Amino acid sequence: MNGPQDLGGQMGFGPVAPEKDEPYFHAAWERRALGVTLTAGAMGAWNIDESRHARESLHPAVYYSSSYYEIWIKALEVLLKRHGFVSQRDLEAGKAVDPAATPKRVLKAENVPAVLAKGSPCDRPVAQAARFKAGDPVRTKNFNPTGHTRLPRYARGKHGVVEAVHDGFVFPDSNAHGHGENPQWVYTVVFEGSEIWGEGADPTLSVSIDAWESYLEPA
């Protein structure tokens, strides 16, 4: 979706300034925010694509004024309310007030290392053959969905070349909204810097993205 999270190439935000020797967490609450978010996700009520969509659906004023883990927690509140685990009254009281849904499963402390090591693989078999091959010229589709998508706004309607063909993967655009996994082939597509950023781009620059098959058409 064209939300506040899609910052690639937007003006006015200043340069990217990586923090040297940045720690994993800047405060103890951030560590807890990560743990609570992963534990809540393990209940099985939503998938990673729905959780991403919850974050990018935050109001721009809220998103831009929030730190990384504040965005996670605010989106988690949305998910927990949506699926009946907490109510607005619970959040306002800071404790359970209303009856809550029963989770499909509960992640116990002793199982955390094994669950994290396993991860959440999203590769899936695809029935049909890949439409494109390495070296094919392609054009990304130009669309502006109201729902979730993994095609960045700056790379829409652009010409590039397929560099690699990967396996089939869950299609996040449908999976985020409960419309099924609908796996598709995924491709690495390379764009010249001038195609993305225009005539003022660094001539030595290129940009690569991983794109689901339905994002692409022959060029």
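In which helix is the place of S174? S174 sits in helix α7, residues 172-175. Helices here are DSSP runs (H or I, at least four residues), numbered from the N terminus.

1. Basis. This is a predicted model, in which local features need pLDDT of at least 70 and side-chain atom pairs count only at pLDDT 80 or more, while totals for chains, interfaces and linings use all residues. Residues are numbered from 1 along each chain as its sequence is written, and side-chain values use heavy atoms, with hydrogens and water left out.

2. S174. With a relative accessible area of 9%, S174 is buried (under 20%; exposed is over 50%, partly exposed in between; 1.4 Å probe, protein chains only). Leaving aside neighbours within four places in sequence, S174 is in contact (heavy atoms within 4.5 Å) with H179, G180, E181 and N182.

3. Length of α1. Helix α1 (residues 28-41) has 14 residues, and its end C-alpha atoms are 20 Å apart, in agreement with the span of 20 Å at 1.5 Å a residue. The expected span is 1.5 Å times one less than the number of residues.

4. Faces of α1. E30, A33, T37 and A40 are the buried residues of α1. Seen down the helix axis, they fall within an arc of 95°, so they line one face of α1; the arc is that of the directions from the axis to the C-beta atoms. An α-helix has 3.6 residues a turn, so residues three or four places apart point the same way. The buried residues of α1 pack against α2 (48-56) and α4. On the other side of α1, A28, R31 and R32 are exposed.

Definitions and conventions
Helix = DSSP H or I, 4+ residues; strand = E, 2+ residues; numbered from the N terminus.
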